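Please open the structure in your viewer, with the sequence panel beside it, and follow the stops below in order.

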Amino acid sequence: MTPRPALTEEQRWLLRAMGGWAIRDCLLGPDGVAHLMQSQWGGSGRRLPGGPEWLAYGFDCGRGKIVTGRFGGGADRDPVVTITTAQLNRYARSLPRAVTDELREVRRAWNAEYIYGRRDWCHCGHEDECQDGRHHPTDDEIDNHYRELRRIKEWEGRALDRALGFVEVDETPVFVEVDESTELVGQLALFAVAS
Ligand SMILES: [Zn+2]
């Protein structure tokens, strides 16, 4: 697999457990990292299949680093893992082009679908009297919208798996569907073989 020396496997587990658009944007450049650090985002953590137990301790972002947290009965616990702004930026710069292209495509697709549902639709529930002028979506259109948002979120998860080294990436284009049944455990096994 492509060598990515800037982050250890434990650090990458932490980023994968945090996940979502904030980590996606961190991997797309320093603006995302700066935003994360000033966001003071903290979470109670979530275990992932095959992931370390300390993911359940949660995490906190700020003062130029991400640290594993204080949840799970250890308010004074020392961080198990720390990731600095510089490490995160260095890792983002090391990513193959195919990986960052995919993350960027995920962001574009999410923003377009999200804005479509928020900007172009009126959700007043009183179409007959409504002066809004926007489209009043049918139940099917609303279902399709949320299904599409879920599809993009799942795609984002797979793109993060690739970006964080849990799935091997070659330099060929990655705009292909990965088998939905592939579990993170299986992907970690792949990673273990590769490293
Ligand atoms: Zn309306």
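Select the hairpin of β2 and β3, where two residues lie between the strands and Arg-63 takes a positive phi near 50°. This is a predicted model, in which local features need pLDDT of at least 70 and side-chain atom pairs count only at pLDDT 80 or more, while totals for chains, interfaces and linings use all residues. Residues are numbered from 1 along each chain as its sequence is written. The names of helices (H or I, at least four residues) and strands (E, at least two) refer to DSSP runs, numbered from the N terminus.

Stay with these two strands, which run antiparallel and are joined by four bridges; strands count as paired if DSSP finds at least two bridges between them. Gly-62 stands opposite Lys-65 in β3, and Cys-61 has Ile-66 of β3 as its bridge partner.

Now show the whole sheet, which is open and has four strands in the order β1-β2-β3-β4, with antiparallel pairing. Which strands stand at the edges? They are β1 (42–43) and β4, and because each has a single partner strand, one side of each is left without a neighbour in the sheet.

For the next stop, select Leu-14, Cys-26, Leu-27 and Ala-163, which touch the most other members of the largest nonpolar core, a group of 34 residues. Such a core is a set of buried Ala, Val, Leu, Ile, Met, Phe, Trp, Tyr and Cys residues joined through C-beta atoms within 7 Å. Elements that each supply at least two residues of this core include β2 (59–62), β3 (65–68), α5 (97–119) and α6 (139–163), and α1 gives the most, with five residues. The core draws at least three residues from each of domain 1 (9–94) and domain 2 (97–194), with bounds that come from an automatic or database domain assignment.

Finally, centre on Ala-163, which touches Leu-27, Leu-95, Val-99 and Leu-103, not counting residues up to four places away in sequence; contact here means that C-beta atoms, placed from the backbone, lie within 7 Å.

Methods
A residue is buried if 20 or more other C-beta atoms lie within 10 Å of its own, exposed if 12 or fewer, and partly exposed in between; C-beta atoms are placed from the backbone. Two residues are in contact if their C-beta atoms, placed from the backbone, lie within 7 Å.
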